[in-house]
Amino acid sequence: MVETKYIDDVLTAKIYGEIDHHRAQSIRTKIDAQTQMHKPKELQLDFSNVSFMDSSGIGLIMGRYRQVSLLGGSLKVVNVPQGLKKIIMLSGIDSLGVLK
Amino acid sequence: MNVLNEVNINFLSKSSNEGFARSAVSAFVLCLDPTISELADIKTAVSEAVTNCIVHAYPDTHGTIYINIKITEQNKIIIKIRDKGVGIEDVKQAIQPLFTTSNDERAGLGFAVMQSFMDSIKVRSKTGVGTTVIMEKTIIRTGYDKR
Ligand SMILES: Nc1ncnc2c1ncn2[C@@H]1O[C@H](COP(=O)(O)OP(=O)(O)O)[C@@H](O)[C@H]1O
Ligand SMILES: [Mg+2]
């Protein structure tokens with residue numbers, strides 16, 4: 001579901017599979033525990049292996065943005081597959097400057 | 001309206017059924033040979049409507065979610081998703097992008113997604129009675145014609 005690694009102040013969370021309201025809960029718990037532990041300068045959410053997401057995925061991104069910002073870090077969302085661009089663009093989160 | 005095929009799916013409003021619901025709808029409409037992106041649009045819209053039943057309609061209980069899908073002539077898919085939950089007081093307000101009554105990391109974008117991913121959406125609701133969302137999408141055949 002989520003694989004995390006912490007190297008050089010960057011915490012990377014690679015998410016696997018589908019992100020819906022059900023699955024977002026455990027993904028969030030895992031990422032937040034690691035974020036609290038490492039207090040990274042940057043949190044990277046790697047979407048390369050996400051096969052589906054609905055607006056719960058947007059909630060997940062926004063929530064992690066708030067979480068890491070509170071700890072003084074920044075958020076990056078990387079490797080968004082072509083098929084997810086439509087919902088990402090609709091959400092307006094690109095205006096936060098988190099997309100890479 | 002000439003109905004060519006129809007299916008009803010009823011299930012309990014458990015969050016673990018969100019994946020089941022969108023896969024079931026997707027399996028049923030596959031016979032129309034939709035493109036990958038048309039199929040993704042439908043799955044996403046269904047996921048939004050079903051999640052709303054689970055999160056908002058039945059907040060503290062498990063109720064039944066009723067899905068009815070019809071395929072009519074000209075490759076039109078009509079998906080009706082209904083609950084007998086708390087209902088929506090002000091539908092006009094509820095469908096506004098970013099509006100949410102929940103503070104549990106909901107983005108308030110469910111209706112916006114349904115609107116932009118489907119051709120049309122209608123919402124009927126009554127407090128204490130429940131909510132019905134009807135969405136339509138016509139599959140534009142870019143692939144081969146099976147008939
Ligand atoms: N089936 C439903 N039953 C009761 N209320 C609903 C239902 N669907 C949507 N709502 C209301 O409409 C609001 C907006 O829904 P939506 O756009 O999906 O955003 P979100 O689910 O993120 O809150 C919800 O916060 C809720 O108040
Ligand atoms: Mg919703």
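This is a predicted model: local features need pLDDT of at least 70, side-chain atom pairs count only at pLDDT 80 or more; totals for chains, interfaces and linings use all residues.
**Entry 1: L43(A)**

I started with the contacts of L43(A), counting heavy atoms within 4.5 Å as contact. Leaving aside neighbours within four places in sequence, I get L11(A), I31(A), T35(A), R64(A), V68(A), S74(A), L75(A) and K76(A) as partners of L43(A). Residues are numbered from 1 along each chain as its sequence is written, chains are lettered from A and ligands numbered from 1 in the order written, and side-chain values use heavy atoms, with hydrogens and water left out.

Is L43(A) buried or exposed? L43(A) has a relative accessible area of 1%, so it is buried (under 20%; exposed is over 50%, partly exposed in between, with a 1.4 Å probe and protein chains only). I also checked K85(A): it sits 42 residues from L43(A) in sequence and 20 Å away in space, C-alpha to C-alpha.

**Entry 2: the strand around it**

L43(A) belongs to strand β3 of chain A; strands here are DSSP E runs of at least two residues, helices H or I runs of at least four, numbered from the N terminus. Why call β3(A), residues 42-53, largely enclosed by the rest of the structure? Because 9 of its 12 residues are buried.

Next I looked at pairing, which takes at least two DSSP bridges between two strands. β2(A) (residues 10-19) runs parallel to β3(A) over 9 bridges, and E18(A) faces F52(A) there. β4(A) (residues 74-78) is also parallel to β3(A), joined by 5 bridges, with L45(A) opposite V77(A).

From β3(A) the chain goes through helix α2 (residues 55-70) to β4(A) in a right-handed β-α-β crossover. Right-handed means clockwise from first strand over helix to second, with the strands pointing away from the viewer. β2(A), α1 (residues 21-38) and β3(A) form a right-handed β-α-β unit too.

**Entry 3: chain A against chain B**

I then turned to the interface. The contact takes 20 residues from chain A and 23 from chain B. About 1800 Å² is buried between the chains, 51% of it on carbon and sulfur atoms; that is accessible area (1.4 Å probe) lost on putting the two together, summed over both.

I find 6 salt bridges across the interface (Lys or Arg side-chain nitrogen within 4 Å of an Asp or Glu carboxyl oxygen). One of them joins D20(A) and R22(B) at 2.9 Å, N to O. On the chain A side, α1, β3, α2 and α3 (85-91) each supply at least two residues. Which element gives the most? α2(A) does, with 7 residues.
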